[in-house]
Protein chains: 2
Amino acid sequence: MSYAALEHQQKRVAHLEHLEAIAAWDEATMMSEGGGNARGEALATLRGLIHDESVKPEMGDWIAAAEATAGELDAWQSANLREIKRVWQRATALPSSLVEATSLTESKSEQAWRRLRADNDWTSFEPFMREVFARKREVAQALSDELGLEPYDALLDGYEPGAKSAAIAGLFERLGAFLPGFIPRVVERQKSQGVVRPPGPFPIESQRKLGIELMRKLGFDFKRGRLDVSHHPFCGGVPEDVRITTRYDDADFAKAMMGVLHETGHAKYEQNLPAQWLGQLVGRARSMSVHESQSLFLEMQISRSREFATFAAPLLAEAFAESARRAPKAFDPANLYALATRVAPSLIRVDADEVTYPCHIILRFEIESALVRGTLDVRDVPDAWDERMQRLLGISTRGNFKNGCMQDVHWPSGAVGYFPTYTLGALLAAQLFETAAREVQELRPALERGELAALDAWLREKVWGQASLLETDALVRHATGRALDTAAFERHLERRYLGTG
Amino acid sequence: MSYAALEHQQKRVAHLEHLEAIAAWDEATMMSEGGGNARGEALATLRGLIHDESVKPEMGDWIAAAEATAGELDAWQSANLREIKRVWQRATALPSSLVEATSLTESKSEQAWRRLRADNDWTSFEPFMREVFARKREVAQALSDELGLEPYDALLDGYEPGAKSAAIAGLFERLGAFLPGFIPRVVERQKSQGVVRPPGPFPIESQRKLGIELMRKLGFDFKRGRLDVSHHPFCGGVPEDVRITTRYDDADFAKAMMGVLHETGHAKYEQNLPAQWLGQLVGRARSMSVHESQSLFLEMQISRSREFATFAAPLLAEAFAESARRAPKAFDPANLYALATRVAPSLIRVDADEVTYPCHIILRFEIESALVRGTLDVRDVPDAWDERMQRLLGISTRGNFKNGCMQDVHWPSGAVGYFPTYTLGALLAAQLFETAAREVQELRPALERGELAALDAWLREKVWGQASLLETDALVRHATGRALDTAAFERHLERRYLGTG
């Protein structure tokens, strides 16, 4: 009975979150500019209702009673109960005064950041960032007391349940040892490769049609989703109706195309979650890193492969016929592959290639965890940033705050503990792909034909269909036979960037 | 304090209704077909929350206390309190068991109708319709007991606060006496008018651009709204972000264009409601008939006028240049005007011209009010329908249920008491336009230039800016100096269809 009450309540929360997701998607894609204030107020009221429903006073008793009769639950129900308890513990750990104060701080800070980043004005922004991290430390301490986790791990746990910074530090140390030597070798090797850039412009409508064609061929179900435009690409909506977005640059089709493929990876995970558990926490995608592993699986492992270039070349040449007529060589599979795998250390994380990307994450992880632990002061962030950019990527960011420590929205908006999931996702994507390449028959020839059916069946069994049944470590073992490590990712990089892959 | 509590609560309700409006718009315009079930469940939960919030136990005390200190309220606050009490009385008048049973009946009946209408199967549909009207009579009786209105008037009041069927019957009797003689004279007169139909096809994108251009010129604010496509055109969204829709037929641009103009009339009302009262009941559009008066003001009074044809002709010829090249005469203002004012008795209400439209409404009003009163049995609806179609429009519908009494979604879905508002709106549109033509300087020359600024200022003062401050009768007197009657409408028809207008 108590478990049933929890399921019923989760369903109500899921219904409200459905509306939140659609309204948030609408805000980013469809909303008229004049609708912003009213939408903000409407969403705030809805989020308040969702919170009230999520921490309703009966829940503690229901959870205790359900745990007392846990023998009656099957594996999915037990996992659902585990997730319900986890989310409820986090939601009830914080006094609402702290939640409100934090939200206010983050909102002020994000607004200040939008203004001050443009002016490269670190001095004015520093006090906002100081206040955000002061709040985050309070939040982390309160969560830590309740959950028995180290403070930074308690924040991390909000994005990546069960993750421990000690384990992440171990992985990142290996990458931090590997990449600074590896990157220059790749850059040096690519110097001698001539690449031909397809000449633009590339009409937006042609790009959109190509994106839709690729999505369809690669398994996005348009009966349960759509593609639209937003300023920042994202995958939103609900599993029954997944809304991905991209943005178009008529001088470079690869940006929108790779963005679409990335979001399609997220979307396929959502669309393939087990239908009978939708609306329950156990039916959700496992975590941010597992989600990112799916977007990177499709974008990095598949779509930047030599096989994919073979598959995509004729589609691209057809989509951009005028460009292909003017520069047929640009649309050779080998050239497209070379373009898709260019490596160059750069300042901006979101524009980074898959080889240099982890460096951007390692430095953010080191800095944010030190800020939460109190071993680094906000005042010293620019120096810490510059020191690490120099060490990891050989780039100076001195005085360049805008494209240095002020480049991301995460810290200004209070998303502390989020960054590591990007690189955990990249490691998992490589580990999954390496396993799949062993276990799925004829994988590479199928990729050359753009046929993902066998691979999707494998992912459905190993990842998608598992939803949140297993905790993340167990899911990784279930799918790949071992814990997450950096070996597959390193082998992938060596094969693709220094070998013949 | 109590009044302030009511305002605060209304704001919360408005926030939730904002999300309901956007989710409903999304369902009709953007949602993937696979998202339907989840959306239905999410909206049902939201509607339940809105209902709970609307009938919160404290409300009765708050209302009583606010009424006891009503002297402290200004005119807008008093009107807001009046509206809050009215809506609350209706919401609390019905036991929730009856609300649920009615909702279930209506949902089953509407589904059956979708299937059975296609098969012209009245015999199978009759029991569903019988059950709907049985429920409606229960609902009407319960509302009647609480509100002290006649049962049918209690239903009517849900769409048209304060309306009385006795008064409507008086208006409709006049129309019913006027139209059956008037229509054949118009038809006879139009026989001798040659009209040239612009040859298609008319590319959808050209139609869309034309629609947007007309909307912009006629005062739709695209910073606070948008135009999209849906199967059934509507005006939705929220006043801060009004979403209108249309559907395109590439063989006939007039359908989408006139639809866009109609919805733009609704939209301008919403966009011009007083900003400081948005989120409160007093800040809403007054009623369905007043809303319809605004859509018909723009569609019928303005957009089918000779002056508008002069304004629109060059825009149409430019939008459909290929058609205009092939048949330049079709784009003459006089020909466009003749096309926009063709009259022909026909079976289907939604396709009817402004002259025959009231006949469709009169017969529905007579039938539904008799069904609620119990003076007509559902079994006899087809005969009653046919008799009135013969009398009013000279058309037989015997055996043609699909395009007779089964044509509308209203009755199958339980919308009883709604139909009269269409024709009340048409009467009010004519009465408003006749008044405006007297009071607004140089109105007709401005229409020839598509300039509505002076007319909009008049409507803002007389209708839009009043929102729900005045009750409907008082609003009509405020705007036109007298109660609603049929005289202006009849003069309008005589002038346009038999005179030189």
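**Reading helices, contacts and loops in a predicted model**

Mentor: Helix H1 (residues 2–29) of chain A and helix H2 (residues 36–54) of chain A have axes that come within 10 Å and cross at roughly 160°. Axes here are lines fitted to C-alpha atoms, for helices over the stretch in contact, with angles from 0 to 180 degrees between N-to-C directions. Helices (H or I, at least four residues) and strands (E, at least two) are DSSP runs, numbered from the N terminus. This is a predicted model, in which local features need pLDDT of at least 70, side-chain atom pairs count only at pLDDT 80 or more, and totals for chains, interfaces and linings use all residues. Residues are numbered from 1 along each chain as its sequence is written, while chains are lettered from A and ligands numbered from 1 in the order in which they are written.

Trainee: What does the crossing angle make H1(A) relative to H2(A), roughly parallel or roughly antiparallel?

Mentor: Angles under 35 degrees count as roughly parallel, over 145 as roughly antiparallel, 65 to 115 as roughly perpendicular and the rest as oblique. The angle therefore makes H1(A) roughly antiparallel to H2(A). Their crossing is left-handed (the near helix is turned anticlockwise from the far one by less than a right angle; clockwise would be right-handed).

Trainee: Which residues in H1(A) and H2(A) meet?

Mentor: Two residues are in contact if their C-beta atoms, placed from the backbone, lie within 7 Å. Among them are A:Val13, A:Leu16 and A:Glu20 in H1(A), and A:Leu43, A:Leu46 and A:Arg47 in H2(A). By class, the contact has eight nonpolar, two polar and seven charged residues. Ala, Val, Leu, Ile, Met, Phe, Trp, Tyr, Cys and Pro count as nonpolar, Asp, Glu, Lys and Arg as charged, and the others, Gly among them, as polar.

Trainee: How many residues of chain B are in contact with chain A?

Mentor: On chain B, 28 residues are in contact with 28 residues of chain A. H1(B) gives the most to the side of chain B that touches chain A, with eight residues. That side divides into 12 nonpolar, seven polar and nine charged residues.

Trainee: Is helix H7 (residues 151–159) of chain A mostly covered or mostly open, and what covers its buried residues?

Mentor: A residue is buried if 20 or more other C-beta atoms lie within 10 Å of its own, exposed if 12 or fewer, and partly exposed in between. In H7(A), seven of the nine residues are buried, so the helix is mostly covered by that cut-off. The cover includes helix H6 (122–147), helix H8 (165–191), helix H15 (357–373) and H17 of chain A.

Trainee: Where does B:Gly417 lie, and which residues does it touch?

Mentor: B:Gly417 lies in the loop between helix H16 (381–393) and helix H17 (420–439) of chain B. With 26 C-beta neighbours inside 10 Å, B:Gly417 counts as buried. Leaving aside residues up to four places away in sequence, B:Gly417 touches B:Tyr152, B:Leu155, B:Leu156, B:Gly158 and B:Tyr159.

Trainee: What should I look for in backbone angles?

Mentor: Most residues other than glycine have a negative phi, and most peptide bonds are trans. The peptide bond from A:Gly200 to A:Pro201 is cis, with omega near 0°, and the bond from B:Gly200 to B:Pro201 is cis as well, with omega near 0°. B:Asn120 has a positive phi, near 55°, and is partly exposed, with 15 other C-beta atoms within 10 Å. B:Glu442 also has a positive phi, of about 55°, but B:Glu442 counts as exposed, with 10 C-beta neighbours inside 10 Å.
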